[in-house]
Amino acid sequence: MAIKGLGVVDQKYDGSNLKIGIVHARWNTAIIDALVSGAIKKLKEFGVKEENIFVETVPGSFELPFGTRKLQEKLRKTVGVELDAIIPIGVLIKGSTMHFEYICDSTTNALMRLNETLEIPVIFGVLTVLTEEQAEVRAGLKPGMHNHGEDWGAAAVEMATKFVK
Ligand SMILES: O=Nc1c(NC[C@H](O)[C@H](O)[C@H](O)CO)[nH]c(=O)[nH]c1=O
């Protein structure tokens with residue numbers, strides 16, 4: 001029996017009234033695009049309307065915390081929208097220096113802190129992988145592999161339904 005992994009998400013969550021933000025980095029775009037598509041696919045499966053999914057991009061994962069915090073402010077100011085959850089998505093792939101470690105650690109901690117400062121759940125959608133192969137597997141780009149973006153979409157709906165609405 002598989003031990004590791006997310007238990008079954010209770011399908012009864014109704015996302016039809018939810019407004020969800022996605023902020024994604026533009027580094028490693030083939031992986032990013034698959035993860036974002038997976039998250040959006042799952043949001044729609046839970047009934048989130050396309051017009052209620054607000055997508056913004058930032059250059060890299062290091063910019064995700066700032067972009068995540070400011071997206072809520074930007075939508076409030078421009079279109080009067082209050083988000084119910086937000087999914088930052090980034091892909092960090094280890095290179096030949098310590099750059100990877102520093103961005104992973106600082107970005108992860110900053111995103112976690114946003115769960116304390118924002119009044120909405122901030123889902124952790126950053127892949128921190130050692131090889132491109134690991135990234136492809138987790139984006140569902142290898143046959144039979146699971147797209148983690150779907151888990152992040154499901155988590156956003158569950159958290160918003162339980163704790164925001
Ligand atoms: O270096 N590798 C990566 C990366 N570096 C850029 C960084 O996030 C930031 O955009 C710049 O430092 C400018 O602030 N950003 C990623 O999302 N994935 C990587 O794998």
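Mentor: Of the 28 residues that make up the largest nonpolar core, the ones touching the most other members are Ile20, Leu35, Leu43, Ile87 and Ile89. Keep in mind as we go that this is a predicted model.

Trainee: Which elements each supply at least two residues of this core?

Mentor: The general idea comes first: in soluble globular proteins, nonpolar side chains tend to be buried together. Here, β1, α1, β3, β4 and α5 each supply at least two residues of the core. Helix α1 gives the most, with 7 residues.

Trainee: What is isoleucine 87 in contact with, leaving aside its neighbours within four places in sequence?

Mentor: Isoleucine 87 is in contact with Ile20, Gly21, Ile22, Val23, Leu43, Ile123, Trp152, Gly153 and Ala156. There is also a second, separate core of 20 residues, which includes Val23, Leu83, Leu111 and Leu118.

Trainee: Let's turn to α1. How many residues does α1 have, and what span does it reach?

Mentor: Helix α1 runs over residues 29–45, which is 17 residues, and reaches 24 Å from its first C-alpha to its last, close to the 24 Å expected at 1.5 Å a residue.

Trainee: Which residues of α1 are buried, and what do they pack against?

Mentor: An α-helix has 3.6 residues a turn, so residues three or four places apart point the same way. In α1 the buried residues are Ile31, Ile32, Ala34, Leu35, Val36, Gly38, Ala39, Lys42 and Leu43. They pack against strands β1 (20–25), β2 (53–58), β3 (85–93) and β4 (125–129), and against helices α4 (132–138) and α5 (148–163). Just after α1, glycine 47 takes a positive phi of about 95°.

Trainee: Which residues of α5 are buried?

Mentor: In α5, Gly149, Glu150, Trp152, Gly153, Ala154, Ala156, Val157 and Ala160 are buried, and what covers them includes β1, α1, β3 and β4. This helix has 16 residues and reaches 22 Å between its first and last C-alpha, close to the 22 Å expected at 1.5 Å a residue. At its start, a side-chain oxygen of asparagine 147 reaches to within 2.7 Å of the backbone nitrogen of glycine 149.

Trainee: Now for charges. How many salt bridges does the count come to?

Mentor: Side chains of opposite charge can pair when their charged atoms come close. The count here comes to 13 salt bridges. One of them joins glutamate 158 and lysine 162, at 2.7 Å from N to O. These two residues are 4 apart in helix α5, so about one helical turn separates them. Glutamate 158 is partly exposed at 22% relative accessibility, and lysine 162 is partly exposed at 44%. Salt bridges that share partners also join Lys41, Lys42, Glu45 and Glu150 into one network.

Trainee: Is glutamate 50 buried or exposed, and which residue does glutamate 50 form a salt bridge with?

Mentor: Glutamate 50 is exposed, with a relative accessible area of 54%. Its salt bridge is with lysine 44, and the closest N and O atoms are 3.0 Å apart. Lysine 44 counts as partly exposed, at 36% relative accessibility. Another salt bridge links glutamate 136 and lysine 142, at 3.6 Å from N to O. Their relative accessible areas are 28% for glutamate 136 and 27% for lysine 142.

Trainee: What about the loops? Where is asparagine 52, and what is asparagine 52 in contact with?

Mentor: Asparagine 52 sits in the loop between α1 and β2. At 12% relative accessibility, it falls under the 20% cut-off and therefore counts as buried. Beyond its neighbours within four places in sequence, asparagine 52 is in contact with Ser16, Leu18, Lys19 and Ile20.

Trainee: Where is asparagine 28 found?

Mentor: Asparagine 28 is in the loop between β1 and α1. It has a positive phi of about 60° although it is not a glycine, and it is partly exposed at 26% relative accessibility.

Trainee: Which residues are around the ligand?

Mentor: Asparagine 28 is one of them; the others are Trp27, Gly60, Ser61, Phe62, Glu63, Val91, Leu92, Ile93, His99 and Ile103. A polar backbone atom of phenylalanine 62 is 3.1 Å from a ligand oxygen. A backbone N or O atom of isoleucine 93 lies 3.2 Å from a ligand oxygen. From histidine 99, a polar side-chain atom lies 3.2 Å from an oxygen of the ligand.

Terms used
Residues are numbered from 1 along each chain as its sequence is written. This is a predicted model: local features need pLDDT of at least 70, side-chain atom pairs count only at pLDDT 80 or more; totals for chains, interfaces and linings use all residues. Side-chain values use heavy atoms; hydrogens and water are left out. The expected span of a helix is 1.5 Å times one less than its number of residues. Buried means under 20% relative accessible area, exposed over 50%, partly exposed in between (1.4 Å probe, protein chains only). Contact means heavy atoms within 4.5 Å. A nonpolar core is a set of buried Ala, Val, Leu, Ile, Met, Phe, Trp, Tyr and Cys residues joined through side-chain atoms within 4.5 Å. A salt bridge is a side-chain nitrogen of Lys or Arg within 4 Å of a carboxyl oxygen of Asp or Glu. A residue is near a molecule or strand if one of its heavy atoms lies within 4 Å of it. A polar contact is a pair of N or O atoms within 3.5 Å; within protein, one must be able to donate a hydrogen and the other to accept it, and residues adjacent in sequence count only if both atoms are side-chain atoms.
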